[in-house]
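These are my notes from a first pass through the structure, kept in the order in which I looked things up.

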Amino acid sequence: MSNSPSLGEVLDSQGFSRRDFLRFCTAAASVMALPASIAPTMAEALAATRRPSVIWLSFQECTGCTEALTRSAAPSIESLIFNFISLDYHHTLQAAAGDAAEHAREQAEEANAGQYLVLVDGSVPTRAHCSTIAGISNLDMLKTSAANAAAIINIGTCSAYGGLPMAEPNPTGAVPVGEIITDKPIVNVPGCPPMPLAITGVIAHYLTLGQLPPTDHLGRPLAFFGENIHDRCYRRPFYDRGQFAESFDDEGARKGWCLYKLGCKAPVTYNACANLKWNQGTSFPIQSGHGCLGCSEPRFWDAGGFYESVARGRFETGSKLGLAAAGGAAAGAAAAVLAQRKKKRLAAEHAEQDSDAH
Amino acid sequence: MSLLEFARGPAIHWSLIILTVGILWRLLGVLALTRGADLSRPRDAFGNFKGYRTVFSRSWPAGEFTTATMFQTSVAYVFHLSTLIVVFGVTPHIEFITGLTGWAWPGLPNAVGVGFGVMALGSLLAMILRRLSKPAVYCSNTGDFITWVLVALPLLTGLLAFGHLGARYETLLALHILSVCALFIWFPFSKLMHAFWFVFSRAQSGIVYAHKGVRI
């Protein structure tokens with residue numbers, strides 16, 4: 001890595017202007033809630049930085065996370081991420097395959113021991129032969145690559161919290177990365193997929209300040225996951241006024257009222273979708289008329305139906321409560337019968353005592 | 001399983017089961033205990049009717065007590081009506097009931113729900129202060145204070161959850177649901193059963209008094 005060109009040199013060679021670079025740094029600083037004055041410092045630091053080696057491991061995933069980062073509709077600041085890092089291994093994107101690809105990974109890990117970043121998308125199966133790359137199980141590859149990594153960034157909900165592969169009945173015994181690797185700094189950037197700017201923002205923070213950003217109790221960077229979507233949602237005033245869409249084609253839906261009753265999970269979902277939005281700030285799911293699925297939260301596949309509102313109980317309603325009612329009635333009737341018998345017995349005893357006395 | 005999942009799932013489910021079993025057990029256990037017939041000649045031919053009338057007439061104190069009981073009567077009315085409006089008027093509560101029964105109706109704006117919630121909590125506070133300041137009037141026992149706490153907690157946690165105050169929303173929501181669970185479990189075995197008993201006890205008193213010719 002020490003012989004590689006600095007970021008500034010790379011960007012110059014690729015025709016990026018300093019204005020573009022500063023614009024990225026300003027945006028990254030602002031979304032990470034850093035002071036605006038840090039943007040020039042960030043730009044200087046990034047420009048002088050040697051591109052760090054990054055090993056991107058894709059396990060049980062759908063490629064959506066990589067798609068989110070690379071499939072921008074137009075060149076964007078997110079696309080600059082590939083100029084900030086030396087992406088030495090990403091088997092979906094790289095041209096090399098087979099032994100050559102694996103050799104590149106091993107070489108990068110050896111040459112940059114203790115300094116490279118491991119980015120993981122996809123959960124890790126713990127059952128044998130569920131998912132392998134070049135004959136190496138995901139579990140072994142993760143342990144090997146993480147052993148000499150400086151830090152791990154989990155890209156997407158699957159690597160952060162298990163995601164879809166870990167949903168019940170979890171046939172592959174999938175677990176999140178954090179359950180396997182416990183001795184390395186880890187940041188989770190969840191989402192299905194995660195917001196591209198959150199990914200680049202975390203990497204930029206690491207490159208600029210030399211440390212991972214502060215996180216919440218679920219390991220998510222606070223700058224992007226510090227507030228729930230409901231609090232930042234533009235439909236919030238309709239929630240406060242009690243104006244809700246009752247179905248996806250009723251008057252409320254057409255008028256853009258709150259989607260809470262249609263299962264929107266925004267009140268319990270922490271992400272930056274409502275602020276940053278997707279596709280160059282064009283829109284986000286709620287704006288397009290569908291409730292939030294809560295994709296950046298653990299167990300979002302198992303934590304309730306997508307179209308059940310947050311307030312609804314999660315249990316079968318009929319049978320057990322019906323049985324409980326029948327059981328309660330039976331217990332009450334039995335108690336009354338026993339009390340009646342006791343009353344009659346006492347009355348009879350009393351009458352007997354009375355007749356004996358007379 | 002997160003705290004919210006536990007609250008929305010097994011906790012509220014089992015508390016509803018205990019509530020259902022408990023209420024029916026106590027209602028039937030008492031109502032099936034029929035009283036022996038009073039063979040004396042009724043002094044009022046319309047005794048039964050007057051007994052049923054008592055269910056409503058005792059909703060307000062008798063004239064001679066109006067002034068003396070004005071405070072607790074008014075505050076109790078504010079509490080009961082506000083709580084009723086909060087329980088059945090706030091959208092998340094309606095959603096919960098809809099999920100349980102399929103019944104739905106329009107909800108109130110949040111500000112109105114919060115307003116009634118504050119009134120309910122404030123009136124509850126006024127009532128406990130009065131209870132504490134006049135121990136000879138109320139003869140309270142431990143159960144009364146447990147009941148007060150278990151009624152106040154859902155109101156308090158509900159307001160905090162509404163305002164996102166003090167903790168993350170999902171934590172407050174979970175605490176709110178868990179406090180309701182505790183209330184549901186306590187309900188059938190406490191004086192909160194007056195929600196059902198008041199009808200029967202008033203009617204029974206009215207019938208007995210009318211039978212004896214007492215002015216009611």
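I began with a loop of chain A: A:Thr63 sits between strand E1 (53-58) and helix H4 (64-70), where helices (H or I, at least four residues) and strands (E, at least two) are DSSP runs numbered from the N terminus. The phi angle of A:Thr63 is near 75°, a positive value in a residue other than glycine.

Before going on I noted the ground rules: this is a predicted model, in which local features need pLDDT of at least 70 and side-chain atom pairs count only at pLDDT 80 or more, while totals for chains, interfaces and linings use all residues. Residues are numbered from 1 along each chain as its sequence is written, chains are lettered from A and ligands numbered from 1 in the order in which they are written, and side-chain values use heavy atoms, with hydrogens and water left out.

Next I looked up cis peptide bonds in chain A. The bond from A:Glu168 to A:Pro169 is cis, with omega near 10°, and A:Pro169 lies in the loop between helix H9 (163-166) and strand E8 (174-175). The bond from A:Cys192 to A:Pro193 is also cis, with omega near 5°, and I found A:Pro193 in the loop between strand E9 (186-189) and helix H10 (196-209).

I then turned to chain B, whose secondary structure comes to nine helices and zero strands. Its C-alpha trace spans about 65 × 40 × 35 Å along the principal axes.

How many residues does each chain bring to the contact? I read 34 residues from chain B and 42 residues from chain A, with contact meaning heavy atoms within 4.5 Å. The two chains bury about 3,400 Å² between them, 59% of it on carbon and sulfur atoms; buried area is the accessible area (1.4 Å probe) that two parts lose on being put together, summed over both. On the side of chain B, the residues that lose the most area to chain A are B:Arg8, B:Glu95 and B:Arg168, together 21% of what that side buries.

I counted three salt bridges between chain B and chain A, a salt bridge being a side-chain nitrogen of Lys or Arg within 4 Å of a carboxyl oxygen of Asp or Glu. The side chains of B:Glu5 and A:Arg299 meet in a salt bridge at 2.5 Å, N to O. In chain B, helix H1 (3-31), helix H4 (91-101), helix H5 (110-133) and helix H8 (169-186) each supply at least two residues of the side that touches chain A. The largest share of that side, 14 residues, comes from H1(B).

Over all chains the structure holds 17 salt bridges. Within chain A, the side chains of A:Arg105 and A:Glu109 meet in a salt bridge at 3.4 Å, N to O. Because A:Arg105 and A:Glu109 are four residues apart in helix H6 (residues 98-111) of chain A, they are separated by about one helical turn.

A search of the whole structure finds one cavity of 30 Å³ or more. The largest cavity has a volume of about 90 Å³, the volume being the space filled by probe spheres set on the points, which are joined across faces, edges and corners. Its lining includes A:His230, A:Cys233, A:Arg235 and A:Tyr260.

Terms used:
On a 1 Å grid over the protein atoms alone, a cavity is a set of points where a 1.4 Å probe fits but cannot get out, and a pocket is an open set with protein on both sides within 12 Å along at least five of seven lines; lining residues have an atom within 4 Å of a point.
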